Amino acid sequence: MEQGLEVALTDLQSSWNNVRHHTEEISSDRLLVRRGQAFNITLYFRKRGFQPGLDNIIFVAETGPLPDLSNGTRALFSLAGHHGPSPWIASLETNGASSLEVSLCAPPTAAVGRYLLKVHIDCFQKSVTAYQLGEFILLFNPWCPGDSVYLDSEPQRQEYVVNDYGFIYQGNKNWIRPCPWNYGQFEENIIDICLELLDKSLNFQIDPATDCALRGSPVYISRVVCAMINSNDDNGVLNGNWSESYLDGINPAEWTGSVAILKQWHATGCQPVRYGQCWVFAAIMCTVMRCLGIPTRVITNFDSGHDTDGNLIIDEYYDSTGRILENKKKDTVWNFHVWNECWMARKDLPPGYGGWQVLDATPQETSNGLYCCGPASVRAIKEGEVDLNYDTAFAFSMVNADCMSWLVYGGKEQKIHRDTNTVGNFISTKSIQSDERDDITENYKYIEGSPQERLVFMRALQKLKARRSEGPHKADSQHSTAVPLNGDSPRSLHMPSLRPSDIVQVSLKFQLLDPPNMGQDIRFVLLALNMSLQFKDLKVNLSAQSLLHDGSPLPPFWQDTAFITLSSEEAKTHSCRIPYSQYSQYLSTDKLIRISALGEEKNSPEKILVDKIITLAYPGIMINVLGAAIVNQPLSIQVLFSNPLSEHVADCVLTVEGSGLFKKQQRVLIGVLKPQHRASITLETVPFKSGQRQIQANLRSNKFKDIKGYRNVYVDLRL
């Protein structure tokens, strides 16, 4: 009597498969494969080998707590090649005396996640024996043309999926600073934390079967992840905090990577980590999406609009000294705002709107009841198609809203000007396989001031008109009294209500005399130019105040008044100095100072407003690699840093990390640094991954939080 076929051992060939599926950086011991691409496994049998025609082998792949054939979370597929109930494929590779190598392939639409692989063996059509072969993780596949996240450029796939470090751009439009970041999407346990994040979502908690069935859609996954990065609706990864009070957590400026945050969230039973702001939310989302296999990049928008009432106008209010007032409607222009772009097809939209999609995990406004934003097609934003899913109108306002400035005095509001150019500048991301910055503003909008840009704006406004709730002063466009012709923040609009006689013929402009370095006095001049043929007698109120990066103002700490007389076509300067001793105690973590001037001509109601945002700079940390970097060989790293201030600083802590170089973030307690003191330390590590790597460092104290530095390192595989 013929013996039955019994499986003794299974080799998932994890190391070989993972290399072919671009997951070897995650693990060589666990099987991690991408959908739409075959992977091989070997079955070893006890007493005899596989006999085609006599033995029927049926594979079973299951994901989620309630696997079901009808919703795609359970797959049955036969080695015999019959068209079964599932689009998964099994094919024979080699048939040995007591082993069988087979090739398995998930369809490019399969749900991603953790799978259990089983096999049913039907011998002589008499008995069926079931075996559990093992677990594997299925990921999105940007290398597969059939996958909706397919990206047809290998350099782009390397940058937006494989690269585990990068830069997030901060500062202001006049001073753009790259902040190094360790995404670390392939570090130990990160893939498990990403899958845990999906299982902690409200969608999974409410209906796990449907949630798992929908995990084949990058549109769906991206919305779930976006909502889970913040903690406003659930036990998401990060608590947002813009209050400047971080005593019960970490100041957002101190973070240098995602790994420590995600591991802390996991280790504390999925309690939100304190604290994050926009760039931290975006960085965490980039880590999770790249880990899952969706091409993702981090985007910074300078002068980013936050339009709370959906009318594409940001209202800003000023008092008679030129200082900006807190906005009761919460409309603001963020000094910079950071979000993500993820690459995917959009079969739910008309043709042509796939590709890069905006996703914003910073909790600003709700979307279908949850704090998430997107995916919104970048092309739809550029074309003003704000009625397309998801949250395209809000994304449009971030890059292309108009700004309306109001002067508040005596309980009244006077319109100063409407500016079409302020919002959305120098939209930036890291270049492909380079440390340079790419300006991608043209992806989001046509050239400012061009007829096409205004046409798109009007198209978007028309689409929003039905749901727009317009305040009484917004509808009134007949009382603009002044439009400056020049300034650091240009304020101009060719409005039909303006006549030539309404044009203000005096310009004001700020000019810094020295680089704005922390610890030094700020010296600048106000330039006044009379472009008319008439004599001008001006009174100019000047002020300085700190800003948070979301545009929220802090109280003024410096004021001045200048009286300037100008003959025909004459220019004059007014010199100003703000001592370090005066501004130091009022600085926010963001180190932003807004200087402003409100000018008025004698015997004239016309007002001229000019402002300039200054970001104070620190000297960076220097990192030197002492010797050749080789896998599994000791490596010395020297870190040089200094106290840039002319006073003692205490509670100094240096943090250093780098994927593939350090197993975990290094924290060095420095203590007190004397005024202007320079110091260095040497760290020892053993690199455990080869290829291009990056070291990120941050120095914090009781006086500053984010002196940063980085160093790229190439790690060789062997001597």
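Here are some questions and answers about this predicted model.

The model is predicted, so local features need pLDDT of at least 70 and side-chain atom pairs count only at pLDDT 80 or more, while totals for chains, interfaces and linings use all residues. Residues are numbered from 1 along each chain as its sequence is written, and side-chain values use heavy atoms, with hydrogens and water left out.

Q: Which residues does UniProt place under the feature "binding site", and what is the largest C-alpha distance in the group?
A: The unreviewed UniProt entry lists Asn400, Asp402, Glu448 and Glu453; its positions are in the numbering used here, feature names are shortened, and annotations may be inferred rather than shown by experiment. The four are spread over 54 residues of sequence, yet they cluster in space. Their largest C-alpha distance is 11.9 Å.

Q: Is asparagine 400 buried or exposed?
A: Asparagine 400 is found in helix 10, residues 392–400; helices (H or I, at least four residues) and strands (E, at least two) are DSSP runs, numbered from the N terminus. Buried means under 20% relative accessible area, exposed over 50%, and partly exposed in between, with a 1.4 Å probe and protein chains only. With 2% relative accessibility, asparagine 400 counts as buried.

Q: How many residues of helix 10 are buried?
A: The buried residues include Thr392, Phe394, Met398 and Asn400. Helix 10 is largely enclosed by the rest of the structure, because the buried residues number 9 of 9.

Q: Which residues does asparagine 400 touch, not counting those up to four places away in sequence?
A: Contact means heavy atoms within 4.5 Å. Two of the annotated positions, Glu448 and Glu453, are on the list for asparagine 400.

Q: Which side chain does glutamate 448 join through a polar contact of 2.5 Å?
A: Glutamate 448 is found in the loop between helix 11 (441–444) and helix 12 (451–464), and it is partly exposed at 23% relative accessible area. A polar contact is a pair of N or O atoms within 3.5 Å; within protein, one must be able to donate a hydrogen and the other to accept it, and residues adjacent in sequence count only if both atoms are side-chain atoms. At 2.5 Å, the partner of glutamate 448 is lysine 445.

Q: Which backbone oxygen does the side chain of asparagine 425 reach?
A: Asparagine 425 lies in strand 21, residues 425–430, and is buried at 15% relative accessible area. Beyond its neighbours up to four places away in sequence, asparagine 425 touches Lys173, Asn301, Phe302, Asp303 and Thr441. At 2.7 Å, its side chain reaches the backbone oxygen of threonine 422.

Q: Where is arginine 177, and which residues is it in contact with, leaving aside neighbours within four places in sequence?
A: Arginine 177 sits in strand 11, residues 175–182. At 17% relative accessibility, arginine 177 counts as buried. Its contacts are Ile168, Tyr169, Gln170 and Asp706.

Q: How many residues of helix 3 are buried?
A: Helix 3 covers residues 190–199 and is largely enclosed by the rest of the structure. Among its buried residues are Ile190, Asp192, Cys194 and Leu198.
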